[in-house]
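Please read the following briefing alongside the sequence and the coordinates.

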Amino acid sequence: MLKINNLVSGYGSVQILNGSSMEVKNQSIVALLGGNGTGKSTILKACSGIIRAWKGTISFDGEEIQNLAPHKIVEKGLVQVTQGKDVFPAMTVLENLRLGGFVLKSNINLKNNLEKVFNYFPRLNERKNQLAATLSGGELQMLCIGRGLMSNPKMIMLDEPSAALAPQIVMDIFKNINKIRKDGLTVLVVEQNVRMALLLADYGYVIKDGAINVEGDSKKLMYDESVKDSYLGGGGTTANV
Amino acid sequence: MFKKLRLTSKIENALMLTFTLIFLIFISISPDMNLESLKGVLIIGITVGIIYGLVAVGISLIYTGLDVVNFSHGEFFMLGAFTGLTVYNFLIDGEIIYKIFPEAYGWVGYVIGLFLAFVTMGLFGILIERIFLRPLTKKGGGYTVAGMGIIICGFGLSVILQNVAYVIWDPTAHPFHADLGLPITLGGVTLPMTYLWMLVTGFIVAGALYFFLNKTKMGLGVRAVAYSKVVSNLVGINVPLYISIIFGIACALAGIAGTLVGPTYQVVIYMGYIILLKAFAAAVVGGFGSLPGAIIGGFTVGLFETACAFFISGSHKDAYAFLLMIVVLLIKPTGFFGVQVKMKA
């Protein structure tokens, strides 16, 4: 579904990615793991067109997308879901969700997708007329995922869905991500929470210094010592399990 | 910390209230004070206020959308007035309209003038944004870091547009004799029709803008882009296009305001300068970047100015708006509605 080949990119003149390659297969959940500042989010931003790829290719559904404008990529069905803080706080939950379906042409689709999202997250239905600023952290994350689903994507990329959330809520959200995959979507999830992400994913990549360091089946990665090493830069503990 | 914050805002509100009370006492002891004149001041103040509000909304829209204070905004107001005047003169004085509708009245030409001023200024604004502002902002990181260049560019544009108007319409003051009918009496106050047109059209336009922003898909997109360009990108909004739309709407609002003001005063190439500053004062008073704030700020500035001009002294009319702005900045630096601090990614 998504294939990244030798991607080089960065911000301004600062290079972050030094030739990362990875592949996300159809209807799978792939976890992209790594510590702070290793380039996880940069890969996502390059895929969604927020920053340009300097070198290398990104192909989605058989088409190269590295030179497309961000809204064209969303139209193709590749949606990045941001962290919960990136909602529009002065708008209601419903307006936020409608923005998620901005690329949809017909209102019927919008309504169907809204129902689908409320099915995954009934909490949002209860709060649909509230301002997004009044939601809790978990609800904000639900809103972000829901907003991502509104445009009928083929694949969603989640940027740290567990960030700053209680374990109970993270479990709930991860269960929903699994449900979303079962309904036919492909998921790429960027995480710092290694254990949780690997429990969820089928396959994992570990990024270090802007390049893929370790990859493999998530069951295998779970017990891989080198993951620990590259993730925490050698010594240190698995504190955020 | 929160306690302290709340206390400050309480003090701010108390000070604002004190200032309002002093102002009200001051005007109520004026020898000109009576019910008639108070009504007149209210109506005129609100009329002038809605015009300031429309221009201020444009400034606020551009500020939220492009992160730029558009110092050439007054010139769109001026060009709008000239567009309306030219269209009106062409249709009515040139008697073109009577060839199509023999029964037509002056207001038909005026309405067409208003509409064309709106549309022309909108398109012209988009053109200016595409040609001059976009390349500049791209250098500064694509509409996130506007920088000094764009502010200077705004001033430069203002001078250039004034000179363009100079070449086309020459610098003399043009009277705008809109034939809108006899003055009417409204609750004991005799009001020229031009004021009534300002008042009614101003409210219609403000209402239409509210409807557009809150009830249409495009308005939703405009609000999203105004809040965050990155997140708007991620939900699939064509951000560059929407920035053009924002600029176009803001300039169209200034254009229609210009044609509304034209018949009351006169149309002259220097008219954009003072309205820019007053609308700026209105935007600051209401809370910079807030759209309802801009309209409320417009009313506040309009009412304050008219009241001071009537009850205190008419010869310093233009100073009052800035007096109010300075007082509000001293007491409540965020303005009335400037509580939502915009978070920058």
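Ala90(A) counts as partly exposed because it has 13 C-beta neighbours inside 10 Å; on this scale a residue is buried if 20 or more other C-beta atoms lie within 10 Å of its own, exposed if 12 or fewer, and partly exposed in between, with C-beta atoms placed from the backbone. The model is predicted, and local features need pLDDT of at least 70, side-chain atom pairs count only at pLDDT 80 or more, while totals for chains, interfaces and linings use all residues. Residues are numbered from 1 along each chain as its sequence is written, and chains are lettered from A and ligands numbered from 1 in the order in which they are written.

**Setting of Ala90(A)**

- Ala90(A) lies in the loop that joins strand 6 (78-81) to helix 3 (93-100) of chain A, where helices (H or I, at least four residues) and strands (E, at least two) are DSSP runs numbered from the N terminus.
- Between Ala90(A) and Ser226(A) there are 45 Å in space, C-alpha to C-alpha, and the two are 136 residues apart in sequence.

**Helix 7 of chain B**

- The 23 residues of helix 7 (residues 193-215) of chain B should span 33 Å at 1.5 Å a residue, and this agrees with the 32 Å between its end C-alpha atoms; the expected span is 1.5 Å times one less than the number of residues.
- Buried residues of helix 7 of chain B include Trp197(B), Met198(B), Leu199(B) and Val205(B).

**Nonpolar core**

- The largest nonpolar core has 182 residues, and among those that touch the most other members are Val189(A), Ile51(B) and Ile246(B); such a core is a set of buried Ala, Val, Leu, Ile, Met, Phe, Trp, Tyr and Cys residues joined through C-beta atoms within 7 Å.
- Leaving aside neighbours within four places in sequence, Ile246(B) is in contact with residues including Leu61(B), Ile62(B) and Val222(B), contact meaning that the C-beta atoms, placed from the backbone, lie within 7 Å.

**Contacts between domains and chains**

- Chain B is divided into domain 1 (56-269) and domain 2 (280-336), with bounds that come from an automatic or database domain assignment.
- The contact between these domains takes 8 residues from domain 1 of chain B and 12 residues from domain 2 of chain B.
- Chain B places 14 residues in contact with 20 residues of chain A, and helix 8 of chain B gives the most to the side of chain B that touches chain A, with 5 residues.

Notes
Two residues are in contact if their C-beta atoms, placed from the backbone, lie within 7 Å.
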